Amino acid sequence: MTATSGRPAAGSDADGGAGGGAGGGAGRDDTVAAVVRQWRSVHPALDTGPMEVIGRINRCAALLQQAEDAPLRRAGLSRPEFDLLGALRRTGHELTPGELAKETFSSGAAVTKRLKQLTERGLVERRGDARDRRVAHLRLTDAGRDLVDGILPEQLAYETAVLSVLAPEGQGELAGLLAELLGRLEGRTGALRV
């Protein structure tokens, strides 16, 4: 078991701090801190610093997505389907399936399947290319646009409430650190490549 499992670890009633590493320190008593303590008890020499950061990012992401997906479920949408609708809404113009795949970090096959479902629901419409019949141009229908515009404010209000536990300067610092990490993972700096 690693710190990314999302389930509370047994023995999570310990003293709190993961101690040392990137995220250690007295007073921490979350799921990841408990998992780190367990690993340290069986592998005392193990450097759990990365687990303390990545594990918490993964756990936060899982908990946030559970809550954020509730309005999507009520609308009969999956997260990947909403991502496609959101990409069409935020870019403000037609996109090809290939462009949508890049915008949503999805495979072409997955995008094709989701677009079929969204088109059948009347949320997306397809227009053929006059010069190349193999190419399709996609855009939101009025119903698709209204659906995205109805769900997005609810999600943003939830995110605002969640982040309100951090001071504004803490939010800015966290955003900057995550942007730096994401930039590395996406390969923009050439340091790491996925």
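Is E52 buried or exposed? E52 is buried, with a relative accessible area of 1%; here buried means under 20% relative accessible area, exposed means over 50%, and partly exposed lies in between (1.4 Å probe, protein chains only). Before we go on, please note that this is a predicted model, where local features need pLDDT of at least 70 and side-chain atom pairs count only at pLDDT 80 or more, while totals for chains, interfaces and linings use all residues. Residues are numbered from 1 along each chain as its sequence is written, and side-chain values use heavy atoms, with hydrogens and water left out.

Let us stay with E52 for a moment. Its side chain meets that of R40 in a salt bridge (3.1 Å, N to O), a term that stands for a side-chain nitrogen of Lys or Arg within 4 Å of a carboxyl oxygen of Asp or Glu. R40 sits in helix α1 (residues 31–42) and E52 in helix α2 (residues 49–74), so the pair links distant parts of the chain, twelve residues apart. Helices (H or I, at least four residues) and strands (E, at least two) are DSSP runs, numbered from the N terminus.

In general, side chains of opposite charge can pair when their charged atoms come close. A search of the whole structure finds 14 salt bridges. One of these joins R74 and E154, whose closest N and O atoms are 2.6 Å apart. R74 lies in helix α2 and E154 in helix α6, so this pair ties together parts that are 80 residues apart in sequence. R74 is exposed, at 59% relative accessible area, and E154 is partly exposed, at 39%. Another salt bridge brings together the side chains of E94 and R139 (3.8 Å, N to O). E94 is in the loop between α3 and α4, and R139 is in strand β2, 45 residues away. There is also a network of salt bridges that links E68, D69, R79 and D83.

Now let us look inside. The largest nonpolar core has 20 residues; such a core is a set of buried Ala, Val, Leu, Ile, Met, Phe, Trp, Tyr and Cys residues joined through side-chain atoms within 4.5 Å. The elements giving two or more residues to this core are α3 (79–91), α4 (97–104), α5 (108–120), β2 (136–140) and α6 (142–163), and α3 provides the largest share, five residues. L85 is among the residues with the most contacts inside the core. Leaving aside residues up to four places away in sequence, L85 touches L77, L118, L123, V124, L140, L147 and V148, where contact means heavy atoms within 4.5 Å.

An α-helix has 3.6 residues a turn, so residues three or four places apart point the same way. After α4 comes F105, whose phi is positive, near 55 degrees.
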